[in-house]
Amino acid sequence: MRIAVCVKQITDPALPVEFVPAQAGVATTETSGAYCPNPADRAALEEAIRIRQVNPSAEVTVVTLGPAESDYTVRYCLARGADRAIHLLGEAPDAYTAAVVLGQVIKGLSPDLVLCGARSLDDATGQVPPTIAELLEIPQVTGVIRLDLDIETMVATAWRRLERGKREVVECSLPALIAVESCINEPRYVSLHAMQRMSDRNVQRVDLLSLGGPGQPLTQTVKVSPPRPRPKRVSTPDASLSADERMALLFGGGQSQPKKSGGYLEGPVETVVSEIMSFLQKEGLL
Amino acid sequence: MHPSALHYLGIPGQWIFILLLVLAAFVLLRRVHYLIALLRAGQVEHRLDQLRARSRAFIVYVLGQRRLFHDIPSGTMHAVIFLGFLVLSIGTVEMLWQGLTGGAHVPLLGDTPYLLPLLDSFRILVLGAVVFAAYRRLVVRPARLTLAPGGLIILGLIAGLMLTDLLAEGFRLAGTRDTGWWAPAGRMLAEAFAGIDAGDQQAYYAAFWWTHAVFFLGFLVYLPYSKHLHILAAPPNVFLRSLYPKGALRPADLGQKTTGVASMQDFTWKQLLDLYSCTECGRCQEVCPAHLAGKPLSPKELVLGLRARLTSRAKSGHHSAFGGAVSKEALWSCTTCGACQERCPVFIEHVAKIIDLRRGLTESGVLASCTARSLEALALVGNPQHSPPSERKDWGKPRGRASLGQGQPVEVLYWVGCTGAYDASGQQISTAMSNVLQLAQVNYAILGDAEQCCGDPARRIGEEGLFQQLAQRNIETLQNYQPRRILTHCPHCYNMLKNEYPQFGGQFSVVHHSEFIAELIDQDRLRFAEGVTRRVTYQDPCYLGRYNNGYDQPRQALRAMPTLELAEAERVQENALCCGGGGGQVWLEANEGQRINYIRFAQLQDTKSQIIATACPFCKLMLDDAANYHGVKNRVQVKDIAELVYENCSLR
């Protein structure tokens, strides 16, 4: 069984960023670049490694598209247990062109399973995995938070996360593309020593230009701007209170406002639990 | 006639004795050979330097039994048995010689009148000590002792040895009508047995002599299979004790394929000798904060688990360090406070083993997710809080504290540390400390965003590769600035810079702020205001106190302030209970049991102090959290000494 995993390197989201209009994007203000693998992609790799633990014959190949700095992520993936990695050196102007390049390489691997993170934390388009699946003409399941594989019948059962806590269970035959959410698993820690120990032997570096370069983008960035600042919330004192109490609340930060009965349950444990249960049932969460 | 000179079923007693002795010696030596072979399978470590210091330690801690006297009754008991063991070995040599020769005395030693009263009185003393020991084990049952057959078998053997020796002596003297004034106990027994028929006296003498001999040989055989192996292993173990700076862990060789311990052979031979030396006395467990809080760690059980793992013959030849012997939860419960090592009478190095095992776990990625996230943050941005490096000096912004320009000579480089830079509670300390420096007109500077985590959390969690990378980066930065002195308020940074950076070529003059403040007070550069007196209790941070002997300077600073009255809590100085924050605990997930900081806070609060002072940002965080939990935050303030010094300074 061959598994291909797409892993992208992103800038550490904890770092402050500023807008760079010239690049029509954002960049970190930190002098030293701090990169990490995209969390959802990391989870996809973890899922692949776990599948291989159960099926030792499986082979995990990581495909990374990015500049030379992405070598950090390539090493990370190998240290975590990927059998080999293909590093496509270069940058794609948009999600579509990235998917085309990745799809081209993945097609060459003829994988039984393609695992991707559902979306990257930086661009967050969520378009790359579906586009790859379309280009490879294989089924796709997105937003997956649990994945079971039946190797005998080559059928994947995937739990999709829907809105309001709802779940959808999907079965599909392999080969297929599965785009996972980062909560699907807890990736193992990879020690720095393990990363430094990784040799280059299993890395195949391919210059994007040698593949004919990125294609023509289908989208164009028109404008990049910071988000509209969120208005600061000021709590309105309950009108039933006296003027004096309302003043105290406004100036005191509003801590002492009596709780409204809205969604707050009080009473003996049994009553509270049964009310929670009926709420969950009403919402179709059980 | 000597019993070994008699014939038994026609066989000379001498022959029987020799046969028994050879058998016992064979079993003993075979076991010792096996144990030594296990040691030799361990990693290389050099422990034969500084022979003078080693000899001194041997005299004080082996012959002087110094550490046993923390517990005076049981220490005295042990010292009596130990001394008895040494003195009575003269009698044993005599016994062996007589057995081999059929009754001849050892030249110069045997049958010397002035030795017998000594031997005789020690037989009685040891017997008394054994009775006391049995009483303690069976009736008092201190929590640190595990009631197991092993200890009682040993006590029984010793008591048997003494009793048979005395009885044999009694019958011998009764039989020979020897005056025996030099053996008072023997003489008394002899008089009691005087009525017995002479032939029976000889028979009893022979019977007790042989029982004594068999007890002795049985002791030899049982010894290397029991906790009494410490008789053989502990004296060399004390001699070979670590003379490394107490706070420094040994660097792992990153050139190796893996770091840390995954199988027993990954330990060094000295770490394995430690396991043989354990006497199961449980003194380590008694002082362990994790054990006190009901967490799954007992240093004693850890050592015993590893020993069982080592000495059980694994057929595969590969002894995994885990597999039930040691649980991951136990390893992650350690605060590395070092109380166990400070108390251990035979100088077992518990913390080094725990870190070695943690290194093995980290290498294989077995970490709680919150711990993994902190380590990843360390690797990405150089601090476990995952805060941007550019914000590292923001705490000083309101006061316009400049960071250091390269090549600019500076008296003191203030190493702020991650907690001091990013954490609100830590920032209070760094702000207070920098205010104190300004009041005392000290020419100082900070590194700003050139500073990174010192690496202590990484190293204590077992991420040696990351630690070494951080250490090397920091050493490079510091060497560029060449500060005359490095000042830090965090005992973990202090210990790291002072004791562990030299391993990587970083030799700096490092001073903890408690020392620095004490110096400033001595030089009269700080003066304190008079006022209403408040009571203060001081919490000893482990990495300042136990690891670096910084007990006096912080107390000196507190005593210098007229508005503070120092009241000591229980368990202070080398016996202090950890706040629960060390050894990376702040970033670990050890949820079992109670919280150590709540327990420690309650102890400190017993003094009814209004202020709990400490000299460590982690102690402050942990105790402050505990004050919140106990609901006394409005009555008890938790403060760093720097904050108290600044508040009370009359210069401001």
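This is a predicted model: local features need pLDDT of at least 70, side-chain atom pairs count only at pLDDT 80 or more; totals for chains, interfaces and linings use all residues.
Select B:Arg459 first: the residue is buried (under 20% relative accessible area, with exposed over 50% and partly exposed in between; 1.4 Å probe, protein chains only), at a relative accessible area of 0%.

Residues are numbered from 1 along each chain as its sequence is written, chains are lettered from A in the order written, and side-chain values use heavy atoms, without hydrogens and water.

Next, select B:Arg555 and B:Asp540. Their closest N and O atoms are 2.7 Å apart, in a salt bridge. Both residues are buried.

Go on to B:Arg485 and B:Glu519. This salt bridge has its closest N and O atoms 2.8 Å apart. B:Arg485 is partly exposed at 21%, and B:Glu519 is partly exposed at 26%.

Now show both chains. In contact (heavy atoms within 4.5 Å) are 26 residues of chain B and 19 residues of chain A. Select B:Glu363, B:Glu376 and B:Leu380: they supply 27% of the area that chain B buries against chain A, more than any other three residues. Buried area is the accessible area (1.4 Å probe) lost when two parts are put together, summed over both. Finish on B:Glu363 with A:Arg197, whose side chains form a salt bridge of 2.8 Å, N to O.

Technical notes. A salt bridge is a side-chain nitrogen of Lys or Arg within 4 Å of a carboxyl oxygen of Asp or Glu.
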